[in-house]
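Please keep the sequence and the structure in view while reading.

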Amino acid sequence: MFVRSIMAHARIGAVDSDRARSMPGVVAVFTADDLDLEPLPPSGNVDLPMSRQILARDVVRFVGEAVAVVVAETSAQAIDAAEEVFVDYDPLDVVIDAESAATDGSPLLFPDAGSNVCNRFEYQWDSDPLAGADVVVSARFVNQRLAPVPMEPNGIAVAPDGDGYRVWVSTQVPFDIRGDLAEALGTDKQEVRVIAPDVGGGFGAKLEMYPEYLVVAKAAQLLGRPVRWFETRSESMLSMTHGRAQVHRVQIGARRDGTLVGLKAEILADIGAYPRAAFLPPVTMEMLAGVYAFPKIAARGMTVVTNTTPVHAYRGAGRPEASALVERAMDMLAAELQMDPAEIRRRNFIPSDAFPYMSAAGTEYDTGDYSLALETALEKAGYAELRDEQQARRERGDHMALGIGIASYVEITAFAEKEFGSVDVGPDGVVTVMTGISPHGQGHETSLAQIASGVLGVTFEDVRVIHSDTGVVPRGSGTYGSRSLQLGGSAIFEQSHVVLEKARRIAAHLLEADVDDIEAAAGGFAVAGAPDRSVSWSRVAAAAADPSALPDGLEPGLAAQGMFRELGSTFPFGTHVAVVEVDLQTGDARLIRHIAVDDCGVVLNPMLAQGQVHGGLGQGIAQALYEQVLYDETGNPLTGNLTTYQMPSAAELPSFETFHTQTPTPLNPLGAKGIGEAATIGSTPAVQNAVVDALRHLGVGHIDMPASPERVLEAVRRSER
């Protein structure tokens, strides 16, 4: 059990653990002085003394930071003993707000750094992207801090195993965890076996090397016995990394006919107490063009530390923030020009024949057909009828206002990376697929088995998929950034074809036929035009294992492995239409319909794609209407458990209306793009736009997320003054 800081910023004095050490079942109590562990360095071009100690040493910087750990025979004994560890804290001034943290004179988390600013970034900031605009709309947007709340909180078990260690951990990146644990334990990475086959949700929050992992591993090493730790939900809300947490200042310019002239944006990112993911805000900058043919974009930003839980990747990781910024700005521009939000989007889409396309933010998109997604969404929504109904309600003074929100988005997936895959057909004809991707609820076992069975012509049941075990799978990068199917799936697709071609040569040899005459048949191969001359997969596989049964020049075995490298990132896109009802008397905003048209290239498994869309919609809608991590002025969490952190249940969500257009990418053999994060990126601004749209006739121009009843009602009352 970890002893966690009860203060957001304080110097650590004495740590009294004498009573805890003497309590029943206690095996050990460790503080920073007991563990020889190197601190975790900052990332994202942060070259400042802002490292994180594995257990806090000298200073704590957020409520929930681990100061000590109690190891006991049972969880109950560890919890009891942890309550008897007393830490002497000397309070320091606290800063929890990013805008305050960036100002001179703010309390410094790292005095040796001289500032709370971790890094700065910019793109064509010295240019004037608004020159020639007839209309310029300016706004400040808050993309609030969120807690990932996976179904399964963090957990790790480490067991000494001979000269090495066996580790079970709830992670998205088992090979990364293996490397970091091996380094911390001073052993070769081959001596650390990391296993993570069943992970109950991650959403990016399980990409991090958590200090707790290193502490548990070091404790197992020092004690010479297995040690495990499972996070409680309250611990998870405090210490699992948060997401989003950006403030945007935006100017968007256009001519009177709605043609865009340019965008100027400033991005301020709150990275929490330690800058372990300062690479995220520049991703927001890269995606500022959205789906629009902006002639010019200028942007700059900074990342700052605050006395709050560290921020890291969370479903979409930098792209939802960009989409929310652009789509709110487009709606505000449409209102200023008194133009329909759909029409201003139509006029400014990147044309479908312009791809590959270099955006004004300097990002090259692979393929897209943004108009098709918009028109499909409007048709499925019955957009004209919705506008008629909205006007009718306004004319009769209905207190239940109708709002229609549109968001057309594009995101980046796979990030031009590579992934491992192998395919092995055993003597019994059973196909074993190994992959370097590491699922946490996406159904990768199903999709990869489908790919292998489809290429090889074997039954789905004859394919087994192995993943997330570094002792069995040779290598891999894990699952994040909607990369899995297009990279991991393409690797399996390519290696399946290698195996298939070798199997055809063996079949030709067995059938005494020319290899060009061999074609796939039910359960095996046959000679074209002579289906009675056939051979089963099991016989081909058995022959592959017998050197005497092989044609000259073929090595025994029926297996192939390799890396698939995608030479560019892919860019899924789509349009969402949200329909809300807002009670003008109470401020309650309810989503009554949500129409999602998402394009992830070729859809290989519609049911799995549907599952990803549904999950993404739930999280994106939740940000727009419900979720927000809050702290008081002293840095104490106000949303430390699920009684105070507002999340929707199924009762608050309508039945989703989901559709797909399919615009294949040429960057991988499947033509597939990512789908895991897309619906989150499209849904949030659609719902936010819908809430504002419901109040636009009252003069309300913007409401920050979440659009809670309090915020909505305050906006209505301000409009009445």
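**A guided reading of the predicted model**

Strand β27, which spans residues 589-599, is joined to β28 by four bridges, and the two strands run parallel. Within this part of the predicted model, Asp598 stands opposite His660 of β28. In general, the strands of a sheet pair through backbone hydrogen bonds, either parallel or antiparallel.

Strands β27 and β28 belong to an open sheet of four strands, in the order β18-β26-β27-β28, with mixed pairing. Its edges are formed by β18 (400-410) and β28 (657-660), each of which pairs on one side only. From one strand to the next, the twist averages 10 degrees. Helix α16, covering residues 678-695, packs on this sheet and touches β18, β26 (573-583) and β27. The direction of helix α16 makes about 145 degrees with that of β18.

The account now turns to the nonpolar interior. In soluble globular proteins, nonpolar side chains tend to be buried together. The largest nonpolar core of this chain holds 59 residues, and those that touch the most other members are Ile252, Leu288, Phe294, Leu333, Tyr365 and Tyr370. Helix α8 (residues 319-336) gives the most to this core, contributing eight residues. Leu333 illustrates the packing: with residues up to four places away in sequence left aside, Leu333 touches Val135, Val137, Ile252, Ala254, Leu260 and Ile344. Another core, of 39 residues, lies apart from the largest one; among its members are Val433, Ala452, Val458 and Leu558.

Two cysteines may be considered next. Cys118 has a relative accessibility of 5% and therefore counts as buried, since the limit for that class is under 20%. Cys600 is likewise buried, with a relative accessible area of 4%. A disulfide is a covalent bond between the sulfur atoms of two cysteines. With a cut-off of 2.5 Å between the sulfur atoms, the count of disulfides comes to zero.

Finally, the chain may be viewed as a whole. Its secondary structure comes to 17 helices and 28 strands. Of its 721 residues, 61% count as buried. Among contacts between residues at least 6 apart in sequence, 79% join residues at least 24 apart. The C-alpha atoms fill a box of roughly 90 × 70 × 50 Å along the principal axes. How does the radius of gyration of the chain agree with that of a compact globule, and what are the two values? A compact globule of 721 residues would have a radius of gyration near 27 Å, and the chain has 28 Å, so the two agree.

Methods:
Residues are numbered from 1 along each chain as its sequence is written. This is a predicted model: local features need pLDDT of at least 70, side-chain atom pairs count only at pLDDT 80 or more; totals for chains, interfaces and linings use all residues. Side-chain values use heavy atoms; hydrogens and water are left out. Buried means under 20% relative accessible area, exposed over 50%, partly exposed in between (1.4 Å probe, protein chains only). A nonpolar core is a set of buried Ala, Val, Leu, Ile, Met, Phe, Trp, Tyr and Cys residues joined through side-chain atoms within 4.5 Å. Contact means heavy atoms within 4.5 Å. Two strands pair if DSSP finds at least two bridges between them. Axes are lines fitted to C-alpha atoms, for helices over the stretch in contact, and angles run from 0 to 180 degrees between N-to-C directions. The radius of gyration is taken over C-alpha atoms; the globule rule is 2.2 Å times the number of residues to the power 0.38.
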